Amino acid sequence: MDDGLLFEKKDDLSVVLCGRAGQGIQSVEYLLTRIFKLAGYHVFAAKEYMSRVRGGTNSTQIRVSSKPVRACVSRIDILIPLDRGAVRHVEKRITPQTIILAEQEIIGDDFDRARYKFVDVPFTRTACEIGDKIYSNVVAVGTIAGLFGIDLQTVSTHVEKFFCAKSDDVVQKNLIAVTEGFNLGLGLLDSGKIRIEIAGDADVESQILVEGVEAVALGAIAGGCDFISSYPMSPSTGVLAFLAGQAKNFGIIAEQAEDEIAAINMAIGAWYAGARAMVTTSGGGFALMTEGLSLAGMLESPIVIHLAQRPGPATGLPTRTEQADLELALYAGHGEFPRILLAPGRVEDAFYLTRKAFDLADRYQVPVFILTDQYFVDSYYNTPCFDLSDTKIEKHIVKTDADYRRYELTANGISPRGIPGFGQGLVVVDSDEHDEAGHITEDLDLRVEMVDKRLRKLELLQYEIVPPELVGPEDYKNLVVCWGSTYHIVEEAVRNLDTDDVAFLHFRQVYPLPNETVDYLLRAQTTVIVEGNATSQFAKLIKLHTGIDIEEKILKYDGLSFTVEELIEGLNDFLS
Amino acid sequence: MGDIDIAWCPGCGNFPILKILKQTLAELAIEPTNLVLVSGIGQAAKIPHYLRTNVFNGLHGRALPAATAIKAANPALTVIAESGDGDMYGEGGNHFLHTIRRNPDITNVVHDNMVYGLTKGQASPTSRIGFKTPVQVAGVFLEPFNPLAVAIALNASFVARAFAGDAEQTREILKGAIKHKGYALVDIFQPCPSFNKLNTYDWFKEHTYYLEDSHDPADRNEAFKRATEEDKFPLGIFYINNNKKTFEDNVGIYEEDQQPLYERKPDFEKLHNLIETFKVAD
């Protein structure tokens, strides 16, 4: 390195901003990801935050690269701490290469300063000169943009758009803040202390920048969702908010219910009358929905449930992530009835699988889950535009005849679903065991026939299973098994291993378990499973259905997502 | 429906209510195919099975959320949520409150016999103080739930009480409730000859009277005052508020397009345009 050059990065830069809730870290994330994307960079962002509205310490990671980046890393290349305590908060992730851009008077001295590379950048001082320290986050946006040499006009346009709902004064001051910050960034480049040379990629322009939660909501619209009833609960609420925001545009009824019990009973009522309904919730809220889930099982009502997992038991860690509600979703609801559990790994999976969930639910008259988690719903990156070319809505409802019987016993278990007011028939559904007409019965022979009929649908579902995706050499010796949100983290970790005999198998459908599972597992000499929970729930499910015991496990349940580095380390331990 | 095995006890107050309901629906000429009876669980909640109509017999306490959604998904349907006092006011108490706030255009008929029948004789939210049961062995000491006062306090759009022993008046009240646009509560006093030996036909006759013709149902304060009378319970229409928008009107999707949801398809052109915005243009 040149004299005075403190930091140089030619690709794949990880910027972390850290500060109190209320300091506008989310705004920085929003603005920078868009600005980077416009400038032609691949970008990824993920956040971790405390369960509070003000104070605490939250951070967001933004990765910028010339190639696609879609996973969370431990490494911090540039750290911008905006508050006392911020450095301590991410201390474990600071490396000798990390450069910290900060004001010493702001970040305090509760850490060993001598260990780190600091450059004093007056974010807050500049903001105070503009009129309020509140602008320091936008000064930081400007500084980062300046360091990347992004066109100031582009940056200003986005800042203006972002604040357009506020007063002229606020807009103007933020524009000054971003410009002053931009000049600070240029000054850093001129000083020769920092050099960033990341190439853009022409593919980025036509791509979309989508957050996990948005992909679920857009997939719901594509699946014909016209009714959502839910009760706010982190981290699931974004789907309700997104669909409420689009309600007028798409003719969607979006209702905040008084509790999760009402939410799921509304959704089932809506399906009964011909809507395509969903609920969005998290573990505790879903626990309240379990009786309703069982009702869907008995009524043979379709329903789509977005279950965004967070750590439990009980209130747990409300704003953090975990994959520990697989068994809850699998076994929830009294009695025996079929269901489908989907678990998107990529944002595009969330779109296509949620769309598919509405068709599956309607076609087979079963509950379909979309299992995500906080890490997934709050992460975003650029990805090819969702393809609507094969989107069509097939409503699986029939016009009823006068002698219509809702629960007609059929060979495949599916009774044509009528809805009230469409045809000459009457649609009778009952949470009690019922006869073919839907009326309450205690004919125990009929009871057996009805149970068998409902469960016959499980056989049909075998033909609809979304297969697992094998990534890596077909003749692998070592196999890494994962499901749901860990897709990209495992992908990047496996790609960065020193050996080429490792493949990974990602499950986007976790139940019913794909039939290929056994074959994939038997082909491996050694297998390890990666799960964001403490008891390896998916490994247990695999053992139950295949008899194969995956003994090697890499598990995490501290409330944070895996990072690529952690998995590389874990996989290297396993391989050795 | 002659061959139906009705699960009610001889002398049950549900029989006259069923008869009254059938007559009311016939007089209003509501087509069975256009009517949905929504109920929960309990003896009263079995009533939809004894009529020729569409039925959503859901979970205990959860009739109202389902009924609200059914009406919202297809406003052309006539929706009646009908169940007992334990179902609507106990297990479903929270939904009772919030459905009133939501104001869907549904009729909520509550068979109020002040006791749990199907579980064989425990206290219900409306059981009177001192009422002894195998569970409330020393007698009920909880303040009885006052559904009418609660509904009026929440500015419900139609609040009435009837008595199963008076078919003619109950029919008129029920007709008014079904024709009313907005949420309409009809609490119907009924005896339970098996498990409530206190609140019998005679007891109800002695302890009720009709609101005077001069009672102004637009007067909310007066309605509330009358709803709190408990020495003798007034019957009739206590309160009507015709100035409330219904839930279906408020959801904002039927203003330009009257089609029920099942007849609609998503606009993929619009969705395409929405997805395009995620490209983040300059």
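How does the radius of gyration of chain B agree with that of a compact globule of 282 residues? A compact globule with 282 residues would have a radius of gyration near 19 Å, and chain B has 20 Å, which agrees. The radius of gyration is taken over C-alpha atoms, and the globule rule is 2.2 Å times the number of residues to the power 0.38.

## Model and conventions

This is a predicted model, in which local features need pLDDT of at least 70, side-chain atom pairs count only at pLDDT 80 or more, and totals for chains, interfaces and linings use all residues. Residues are numbered from 1 along each chain as its sequence is written, while chains are lettered from A and ligands numbered from 1 in the order in which they are written.

The model has an ipTM of 0.98 and a pTM of 0.97. For chain B, the average pLDDT (the predictor's confidence in each residue, from 0 to 100) is 96, and 99% of the residues score at least 70.

## Overall form of the two chains

Chain A contains 20 helices and 25 strands. Its radius of gyration is 26 Å, close to the 25 Å that the globule rule gives for 576 residues, so chain A is as compact as a globular protein of that length. Along the principal axes, the C-alpha atoms of chain A fill a box of roughly 85 × 60 × 40 Å. Chain B has ten helices and eight strands, and its C-alpha atoms fill a box of roughly 75 × 50 × 40 Å along the principal axes. Helices (H or I, at least four residues) and strands (E, at least two) are DSSP runs, numbered from the N terminus.

Of the 576 residues of chain A, 56% count as buried; in chain B, buried residues make up 51% of the 282. A residue is buried if 20 or more other C-beta atoms lie within 10 Å of its own, exposed if 12 or fewer, and partly exposed in between, with C-beta atoms placed from the backbone. Among contacts with a separation of 6 or more, residues 24 or more positions apart account for 74% in chain A and 70% in chain B. Two residues are in contact if their C-beta atoms, placed from the backbone, lie within 7 Å.

## Domains of chain A

The domain assignment of chain A gives domain 1 (7–206), domain 2 (209–383), domain 3 (398–464) and domain 4 (469–575); such bounds come from an automatic or database domain assignment. The C-alpha centres of domain 2 and domain 4 of chain A lie 25 Å apart. Their contact takes 24 residues from domain 2 of chain A and 21 residues from domain 4 of chain A.

On the side of domain 2 of chain A that touches domain 4 of chain A, at least two residues each come from helix H13 (326–331), strand E14 (340–342), helix H14 (347–364), strand E15 (367–373) and helix H15 (374–377) of chain A. By class, this side has 14 nonpolar, four polar and six charged residues. Ala, Val, Leu, Ile, Met, Phe, Trp, Tyr, Cys and Pro count as nonpolar, Asp, Glu, Lys and Arg as charged, and the others, Gly among them, as polar.

## Strand pairing within each chain

Two strands pair if DSSP finds at least two bridges between them. In chain A, strand E6 (residues 94–102) pairs in the parallel sense with strand E5 (residues 76–81) over three bridges and with strand E7 (residues 117–120) over four bridges. A:Ile76 has A:Ile94 in E6(A) as its bridge partner, and A:Ala102 has A:Asp120 in E7(A).

In chain B, seven of the seven residues of strand E3 (residues 78–84) are buried, so E3(B) is largely enclosed by the rest of the structure. Strand E1 (residues 35–39) of chain B runs parallel to E3(B), joined by four bridges, with B:Leu35 partnered by B:Thr78. E3(B) also pairs in the parallel sense with strand E4 (residues 107–112) of chain B over five bridges, and B:Gly84 has B:His111 in E4(B) as its bridge partner.

## Interface between chains A and B

In the contact between the chains, 49 residues of chain B meet 63 residues of chain A. Strand E2 (54–57), helix H2 (63–73), helix H4 (93–102) and helix H10 (268–276) of chain B are the elements that give two or more residues to the side of chain B that touches chain A. The largest share, eight residues, comes from H2(B). By class, this side of chain B has 25 nonpolar, 14 polar and ten charged residues.

Strand pairing also crosses between the chains: strand E19 (residues 428–430) of chain A and E2(B) pair in the parallel sense over three bridges. Within E2(B), B:Phe56 stands opposite A:Val429.
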